[in-house]
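Biologist: Walk me through this one, please. Start with any term you need.

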Amino acid sequence: MDITIRQLEVFLAVARAGSFRRAAETLHLSQPALSQHVAELERALGARLLERLARHVVPTEAGRVLAEHATRMFSNLGNARDAVGEIAGLKRGSLHIGASTTPGIYVLPPVIAAFERRYPGIAVSVEIANSTAIEERIRAGELDLGIVGAHALRPGEECVSAGLIDELVLIVSPAHRWGRRRHVAATRLGEERLLVREEGSATRQVMERALQRAGVRLGRVMELGHTEAIKQGVMAGLGIAFVSAHAVRGETASGRLHELRLRELRIRRHFHVIHHDERTLSASARAFIETFEASQGRARAKEKDKSRRLGAPAG
């Protein structure tokens, strides 16, 4: 019996979802249809691929091996599809991007909109997770591009752009005792509870490294798993936080949050665009990188103007 691409696609969806029901919702197929595809694949290979447990399914050893090969196969098919799209002059194709929380939510939407206006035939999908998770998906060959904050290259990754500058700013509630200040001494941070992202977040990594290098000692810390939760926590008076300047433009403009900086320290980073070092960078990926980099000039101009208004050096 021949193995079909559809069978492999269904098997991977079930293995990743851990459930026939969730996979059926993703693929818009019935659960019986999914079960039939998996059963036919198991008969064709002469091996059991999934263990059916009470509430979920898990891949067997044979299933894990097949999943690795199938993932590589679909990656190669994607390369072939993009190569054909390149011949067509970017008239069609797809681009699967992974982004860490800050660039994914606060930076990429206008970039994607500009890209789609220029290349309406390219279907763009975006997966948002923390930087560590996106890097792992890149190394597994499951994403065309990744956009992350703090980044150190590892095997299987290549940085193809690191241009867009981001700054972490200190935010407090307008009712906070620092709510009318522009700057505060770094030594005062230990007096307040600091709200931070989860482990694996680039924002947290950059903040911790910068404060450690500056010899700043922190006091109480509360971990919250998302930038939006942190902003709401600051508004509610739970504490103070360092977040990307991109993440609080609306709240600071409307007066719901107050932004200030440390007198002795500015915490900056670049957003890095990464991809798998063994995969060919497709035409659509190159076009997206060009669109992303084109946003740098506008971002730098806004940053210089803001620095002048805050009385801080623009360098």
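Modeller: Buried means under 20% relative accessible area, exposed over 50%, and partly exposed in between (1.4 Å probe, protein chains only). This is a predicted model, so to speak of local features I need pLDDT of at least 70, and of side-chain atom pairs 80 or more, while totals for chains, interfaces and linings use all residues. Residues are numbered from 1 along each chain as its sequence is written, and side-chain values use heavy atoms, without hydrogens or water.

Biologist: Arginine 261, then: buried or exposed?

Modeller: Arginine 261 counts as buried, because its relative accessible area is 9%.

Biologist: Which residue does arginine 261 meet in a salt bridge?

Modeller: Glutamate 259, at 3.1 Å from N to O. A salt bridge here puts a side-chain nitrogen of Lys or Arg within 4 Å of a carboxyl oxygen of Asp or Glu.

Biologist: And glutamate 259, buried or exposed?

Modeller: Buried, because glutamate 259 has 12% relative accessibility.

Biologist: Which residues do salt bridges with shared partners join into one network?

Modeller: Arg16, Glu127, Arg137 and Glu142 form that network.

Biologist: How many salt bridges does the structure hold?

Modeller: The count is 20.

Biologist: What about helix 1: how far apart are arginine 6 and glutamate 9 there?

Modeller: They sit three residues apart in helix 1, so about one helical turn separates arginine 6 from glutamate 9. Their side chains make a salt bridge at 2.4 Å, N to O. Arginine 6 is partly exposed, because its relative accessibility is 31%. Glutamate 9 is partly exposed too, with a relative accessible area of 31%. Helices (H or I, at least four residues) and strands (E, at least two) are DSSP runs, numbered from the N terminus.

Biologist: Now helix 2. How far apart are glutamate 25 and arginine 21?

Modeller: Four residues, so again about one helical turn lies between glutamate 25 and arginine 21 in helix 2. They form a salt bridge, and the closest N and O atoms are 3.2 Å apart. Arginine 21 is partly exposed, because it has 42% relative accessibility.

Biologist: Which lining residues are the closest to the centre of the largest pocket?

Modeller: Of 26 lining residues, those closest to the centre are Arg16, Phe74, His96, Arg137 and Glu142.

Biologist: Which residues line the largest cavity?

Modeller: Among them are Ser100, Thr101, Pro103, Arg197, Arg269 and Phe271. Helix 5 supplies the largest share, three residues. Helix 5 (101-118), helix 7 (202-213) and strand 12 (267-276) each give at least two.

Definitions and conventions:
On a 1 Å grid over the protein atoms alone, a cavity is a set of points where a 1.4 Å probe fits but cannot get out, and a pocket is an open set with protein on both sides within 12 Å along at least five of seven lines; lining residues have an atom within 4 Å of a point.
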